[in-house]
Amino acid sequence: MATIKAVIVDPNGTFRNTEIESSLGSFQAVVDGYIEGVFGNMATVYVNEEGLLKRLPYNPLATLFAKRNLGRQGIVLVGTALIVGPPDDEGNDTDVRPAVVDYFTQED
């Protein structure tokens, strides 16, 4: 299975660049459960599909990213978020874009 570059954003405000196997099981391991995708032109953010039901902690960094960069104004993301690039023409996940990495590494 191929690997892709990604950013993992934790609810406590930490984030890290990583390479991850591009598989459902690997994505589920990061978010600790079934995945739900939040899709945009710049990126896809995967979170735990049952995060709100499980009362996972609010993820302010991932939520702000989705609002600013994916146009998801009313969204609230909880739990650990896995950010990858937008799907390719065949629907496969792609490497996270450098602009997304820059978003998280730039200081405000």
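The secondary structure of the protein, taken from a predicted model, comes to three helices and five strands. From the N terminus on, these elements follow one another as β-β-α-β-β-α-β-α. The C-alpha trace spans about 30 × 30 × 20 Å along its principal axes. A compact globule with 108 residues would have a radius of gyration near 13 Å, and the protein agrees with this, at 13 Å. Buried residues account for 38% of the 108 residues. Of the contacts between residues at least 6 apart in sequence, 49% join residues at least 24 apart.

The five strands form an open sheet with antiparallel pairing, in the order β2-β1-β5-β4-β3. Strands β2 and β3 (35-39) lie at the edges, each pairing on one side only. From one strand to the next, the twist averages 30°. Helix α1 (residues 24-31) packs on this sheet and touches β1, β2, β3, β4 and β5. The direction of α1 makes about 155° with that of β2.

In general, the strands of a sheet pair through backbone hydrogen bonds, in either a parallel or an antiparallel manner. Here, β3 and β4 run antiparallel and are joined by five bridges.

Thr44 counts as buried because its relative accessibility is 0%, the cut-off for burial being under 20%. Apart from neighbours within four places in sequence, Thr44 is in contact with Val38 and Phe39, and also with Leu82, Ile83, Val84, Gly85, Pro86 and Pro87. For Val45, with neighbours within four places again left aside, the contacts are Glu36, Gly37, Val38, Phe65, Leu70, Leu77, Ala81, Leu82 and Ile83.

Val45 is also a member of the largest nonpolar core, which holds 17 residues. Within this core, Val45, Phe65, Leu77 and Ile83 touch the most other members. Two or more residues come from each of β1 (3-9), β4 (44-48), α2 (60-69), β5 (81-84) and α3. The element that gives the most is α2, with three residues. Another core lies apart from this one and has eight residues, among them Ala6, Ile8, Tyr46 and Leu82.

Six aromatic pairs are found in a search of the whole structure. One of them is formed by Phe15 and Phe104, whose rings are 5.7 Å apart centre to centre, with 45° between the planes, a tilted arrangement. This pair links distant parts of the chain, since Phe15 is in strand β2 (residues 15-21) and Phe104 is in helix α3 (residues 98-105), 89 residues apart. Phe15 counts as partly exposed because its relative accessibility is 32%, whereas Phe104 is buried, with a relative accessible area of 6%.

Phe104 also forms an aromatic pair with Tyr103. This second pair is edge-to-face, with 5.0 Å centre to centre and 85° between the planes. Tyr103 has a relative accessibility of 23% and therefore counts as partly exposed. Ring pairs join Phe15, Phe65, Tyr103 and Phe104 into a cluster. Phe65 in this cluster is also among the residues that touch the most other members of the largest nonpolar core.

Conventions
Residues numbered from 1 in each chain as written. Predicted model: local features only at pLDDT ≥ 70, side-chain atom pairs only at ≥ 80, totals over all residues. Heavy atoms only, no water. Phe/Tyr/Trp six-rings, centres within 6.5 Å; stacked < 30°, edge-to-face > 60°. Helix = DSSP H or I, 4+ residues; strand = E, 2+ residues; numbered from the N terminus. Buried < 20%, exposed > 50% of the residue type's maximum accessible area, 1.4 Å probe, protein only. Core = buried A, V, L, I, M, F, W, Y, C linked by side-chain atoms within 4.5 Å. Contact = heavy atoms within 4.5 Å. Pairing = 2+ DSSP bridges. Axes fitted to C-alpha atoms, helices over the stretch in contact; angles between N-to-C directions. Rg over C-alpha atoms; globule rule 2.2 N^0.38 Å.
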